[in-house]
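Please examine the structure shown below.

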Amino acid sequence: EAREARTGLAQDAPVAHSLRSAMSPSPLELPAGIRLSGRMSSAEGVIAGDWWDVIECPEGRIGVVIGDVAGHGAPAGIVALQVRTLLHAALASGAQPDGALRLAHQALRNSRTFATALVMVIDPVSHVLRWANAGHHPALLIGIDDVTTALEPTGPLISALEGQWSSNQTITRAGDALFAFTDGLIEGTKNDGSMLETETLLS
């Protein structure tokens, strides 16, 4: 906490506070049967290029996004906010996950950095989960029967280069758990010093 505080001051605390507040998901009343929990903890100061978001989509659908802009500090945070804002607006207006990624690509057309993002839309009535993955770590859909489905990439990461993304879908069931994360989690180490990998997350 002390290291985070010192780094936050070095990054200009008012700017850091504003960016962090803007990147936090807004409270949202979820449909019956869906529970959502998320946590973001910056490894270096209070500004990170990682973010997650939850969006109210048309016809009662729920959008969930997790992303990661390369780098850290205010520059990465500003780009992350731009990408997040475009994804949020696209999903709120009814865009499909792949369409949302194509719109977010506009934020990085003239940038030297890049971002990964996983866009998911859940329909609580039909139980269909649609996703588009721009080079992000696959989220894990863990079924009540312990069968795990990985939401694999459906296109390249988002950068100044042109890219094509597609959407995939699967059916969810009551009791399923969807677990998404950034590389800040699996590139860390456990208490014994060993690497925390995807297989460890499942257990």
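Student: Which elements do the buried residues of H4 pack against?

Tutor: The model is predicted, so local features need pLDDT of at least 70 and side-chain atom pairs pLDDT 80 or more, whereas totals for chains, interfaces and linings use all residues. Residues are numbered from 1 along each chain as its sequence is written, and side-chain values use heavy atoms, with hydrogens and water left out. Helices (H or I, at least four residues) and strands (E, at least two) are DSSP runs, numbered from the N terminus. With contact meaning heavy atoms within 4.5 Å, the buried residues of H4 pack against H3, S3 and S4.

Student: Why do the buried residues of H4 line one face of the helix?

Tutor: Buried means under 20% relative accessible area, exposed over 50%, and partly exposed in between (1.4 Å probe, protein chains only). In H4 the buried residues are Pro97, Asp98, Ala100, Leu101 and Ala104. They line one face because, seen down the axis of H4, they fall within an arc of 155 degrees; the arc is that of the directions from the helix axis to the C-beta atoms.

Student: At what angle do the axes of H3 and H4 cross?

Tutor: Axes are lines fitted to C-alpha atoms, for helices over the stretch in contact, and angles run from 0 to 180 degrees between N-to-C directions. The axes of H3 (residues 74-92) and H4 (residues 97-104) come within 8 Å, and their crossing angle is roughly 140 degrees.

Student: Which residues of H4 meet H3?

Tutor: On the H3 side, the residues are Val83, Leu86, Leu87, Ala90 and Leu91. Their partners in H4 are Ala100, Leu101, Leu103 and Ala104.

Student: How many residues of S3 are buried?

Tutor: Strand S3 spans residues 115-122. One side carries Ala115, Ala117, Val119 and Val121, and the other carries Thr116, Leu118, Met120 and Ile122, all of them buried. The count for S3 is therefore eight of its eight residues.

Student: How many bridges join S3 to S4?

Tutor: Two strands pair if DSSP finds at least two bridges between them. S3 pairs with S2 (residues 62-72) in the antiparallel sense over eight bridges, and Gly67 stands opposite Ala117. S3 also runs antiparallel to S4 (residues 128-134), where Val119 stands opposite Ala132. The number of bridges joining S3 to S4 is six.

Student: Which residue in the turn between S3 and S4 has a positive phi?

Tutor: S3 and S4 form a hairpin with five residues between them. The residue with a positive phi, about 70 degrees, is His127.
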